Amino acid sequence: MGDLLTQRLILEFLRKHTLAVIATCHRNGTPEAATIDFSVRDNLEIVFSTFNDTRKFDNLAERPGVAFVVGWNDNITVQYEGEATRVPAADIEQYQEAYLNSLPADREFIEKGAVMFKATPRWIRYSDFNKEPPELIEIQF
């Protein structure tokens, strides 16, 4: 499958979901995971928010590497690895607007000071285990 078709397949799949498991790494090497709300941009950036008193915030401040799993229902998943950084102040309005269009209920978190992050993909795998053999599509950036 061509890169553009693959990216479109993954984008459409991610846009059907608003929950993901995020994995970050503590400075001592211990992995930590949490469930988050997220949205996705056309360029496959995953956008999420968190408060500055969370473990993921502290972890990302020291180690920007991040992994996500999306879509554990229906035997189709996306695994996503990349780098997460705070959304720059100059871009915050456009990211918040797009994020809240997907997740209007998260407005209260933004109003209470949640920090916006964007994750840029390094590697993505789309897996459809409903097919025989399973359809596994990987892309690297």
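# Close-up views of the predicted model

View 1. Leu19 is partly exposed, with a relative accessible area of 40%. Buried stands for under 20% relative accessible area, exposed for over 50%, and partly exposed for what lies in between (1.4 Å probe, protein chains only). The model is predicted, local features need pLDDT of at least 70, and side-chain atom pairs count only at pLDDT 80 or more, while totals for chains, interfaces and linings use all residues. Residues are numbered from 1 along each chain as its sequence is written, and side-chain values use heavy atoms, with hydrogens and water left out. Leu19 belongs to strand 1, residues 19-25. Helices (H or I, at least four residues) and strands (E, at least two) are DSSP runs, numbered from the N terminus. Together with Val69 and Trp72, Leu19 makes a nonpolar surface patch of about 260 Å². Residues of a patch have over 30% relative accessible area and no salt bridge; like charges are joined within 9 Å, and nonpolar side chains (Val, Leu, Ile, Met, Phe, Trp, Tyr) within 5 Å. The areas come from the Shrake-Rupley method with a 1.4 Å probe, and for residues only the protein chains shown count as cover.

View 2. In helix 2, which spans residues 55-62, the buried residues are Lys56, Phe57, Asn59 and Leu60. They lie on the same side of helix 2 because their arc around the axis is only 165°; the arc is that of the directions from the helix axis to the C-beta atoms. Arg55 and Ala61, on the other side of helix 2, are exposed. The cover over the buried residues of helix 2 includes strand 1, strand 2 (31-37), strand 4 (46-50), strand 5 (65-70), strand 6 (76-86) and strand 7 (115-128). Contact here means heavy atoms within 4.5 Å.

**View 3. Strand 5 and its partners.** Two strands pair if DSSP finds at least two bridges between them. Strand 5 pairs with strand 1 in the antiparallel sense over 3 bridges, and Ala67 of strand 5 stands opposite Ala23. Strand 5 and strand 6 also run antiparallel, joined by 6 bridges, with Phe68 opposite Tyr80 in strand 6. Between strand 5 and strand 6, which form a hairpin, there are 5 residues, and Gly71 in the turn has a positive phi of about 80°. Asn75, in the loop between strand 5 and strand 6, has a phi near 60°, a positive value in a residue other than glycine. Asn75 is partly exposed, at a relative accessible area of 45%.

**View 4. Salt bridges between parts of the chain.** Side chains of opposite charge can pair when their charged atoms come close. A salt bridge is a side-chain nitrogen of Lys or Arg within 4 Å of a carboxyl oxygen of Asp or Glu, and the whole structure holds 9 salt bridges. One of them joins the side chains of Arg15 and Asp42 (2.7 Å, N to O). Arg15 lies in helix 1 (residues 3-15) and Asp42 in the loop between strand 3 (39-40) and strand 4, so this pair ties together parts 27 residues apart in sequence. Arg15 is partly exposed at 45%, and Asp42 is exposed at 61%. Another salt bridge joins Arg55 and Glu32 (3.5 Å, N to O). Here Arg55 in helix 2 and Glu32 in strand 2 are 23 residues apart, a link between distant parts of the chain. Arg55 counts as exposed, at 52% relative accessibility, whereas Glu32 is buried, at a relative accessible area of 11%.

View 5. Arg125 and Glu138 form a salt bridge, with their closest N and O atoms 2.4 Å apart. Arg125 is in strand 7 and Glu138 in strand 8 (residues 135-140), 13 residues apart. Both are partly exposed: Arg125 has a relative accessible area of 23% and Glu138 one of 43%. In the loop between strand 7 and strand 8 lies Pro133. The peptide bond from Glu132 to Pro133 is cis, with omega near -5°.

**View 6. Leu44 in a loop.** Leu44 is placed in the loop between strand 3 and strand 4. Its phi is near 70°, a positive value in a residue other than glycine. Leu44 is buried, with a relative accessible area of 1%.
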